[in-house]
Amino acid sequence: MKRELSILIPTHDYACYRLVADLHSQAERLDIPHEILVAEDGSRSQVAIIANHKMTELSHCRHIRRRENLGLAATRNELAAMARYDWLLIIDSDAAVDNDDFLKNYVQHIGEAPVVVGGLHHPPVNHNPHATLRYKYEREADRHRSAAERSLRPYAKLTCFNILLHRPTFMQIQFDKDCHEYGYEDALFGVELEQRHVPILHIDNPLVHMGLDTNEAFLRKSETALRTLKGLHGRMNGRSYVENAYNRLCSLRLAWALRLAFRLFRPLLRRNLLGPRPSLALFSLYKLGYYATLCQPTAQPTGAPAPTPSE
């Protein structure tokens, strides 16, 4: 199997030059055909754009500017279409390399499976007091992100934060363009891989996730993701905890009670989640309640036939 690598990094208002420089240094030492493509997905931050443009001083690096914000899924697809080589390493721009053999580890697994997932982890200490919710959520998730645990359910909760893909296989599937806003593009890609019986190899080759959102930004992103989930109309195939829990409440005819409770207690939930000691249990309740309000049946005109009951 030919060892060659296209490293693809979509970014939006994030300075990722340090990431590119570290990857470039490792790729040069490997002495294999390689390229690094970074696409600005409608970035508005001139500070980030200017910082990222420095990568053009490095060999085999391209900095691509797109004025329109296409979204993560579409930008990844566009980068894959532009890539020169048959192995695509997709990395989120808010990653950091903390392993001198990061690229070498991936190259050693080229050809073992069309999809190789390296994983992610987070710093042991959170230095941003305004990002307690995201940090607490991610650190809890880190407990189950080893390759051994991911391999037990290889397609579930797939993250493409750091993933190696065989280009011919990927181009037949791609990320779903219905995910044009934040959320579920990775999970839906995992569903598609499973349905097509595409093998996945999970390895312990993580990058550090550095771009922790503030509590308010993360809550806003979570709401956006739930709107994306609703727009998928069940295509997650039972892979969403929120969707499954809501459907269960509908079968018990209790979704109306959840919506009522959410409207009454939403301010109190937000107060906790935006504070210094957010509760992950309350965060789960918030997401379920918010999703329930999105799925509220619309009133029917007088005399119109009633829809099939969902709750």
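This is a predicted model: local features need pLDDT of at least 70, side-chain atom pairs count only at pLDDT 80 or more; totals for chains, interfaces and linings use all residues.
In which sense, parallel or antiparallel, do strand 1 and strand 2 pair, and over how many bridges? The pLDDT averages 92 over the chain, and 95% of the residues score at least 70. There is one stretch to treat with care: residues 300-311 have a pLDDT below 50, and beyond near neighbours in sequence they make 11 contacts in the model.

Now, back to my question. Strand 1 pairs with strand 2, residues 34-41, in the parallel sense, over seven bridges. One example to find on your screen is L5, whose bridge partner in strand 2 is H34. To get from strand 1 to strand 2, the chain passes through helix 1, residues 17-30, and this β-α-β crossover is right-handed.

Strand 1 has another partner as well. With strand 4, residues 87-91, it pairs in the parallel sense over three bridges. Look for S6, which stands opposite L88 in strand 4.

So what about the side chains? In a regular strand, they alternate between the two faces of the sheet. Here, L5, I7, I9 and T11 point one way from strand 1, while S6, L8 and P10 point the other way. Seven of the seven residues of strand 1 are buried, so the strand is largely enclosed by the rest of the structure.

Let's finish with H166, which lies in strand 8, residues 162-166. Leaving aside neighbours within four places in sequence, which residues does H166 contact? They are D86, W87 and P114. As for H63, its C-alpha atom is 23 Å from that of H166, and the two residues are 103 apart along the chain.

Key
Residues are numbered from 1 along each chain as its sequence is written. Side-chain values use heavy atoms; hydrogens and water are left out. Buried means under 20% relative accessible area, exposed over 50%, partly exposed in between (1.4 Å probe, protein chains only). Helices (H or I, at least four residues) and strands (E, at least two) are DSSP runs, numbered from the N terminus. Two strands pair if DSSP finds at least two bridges between them. A crossover is right-handed if, with the strands pointing away from the viewer, the path from the first strand over the helix to the second runs clockwise. pLDDT is the predictor's confidence in each residue, from 0 to 100. Contact means heavy atoms within 4.5 Å.
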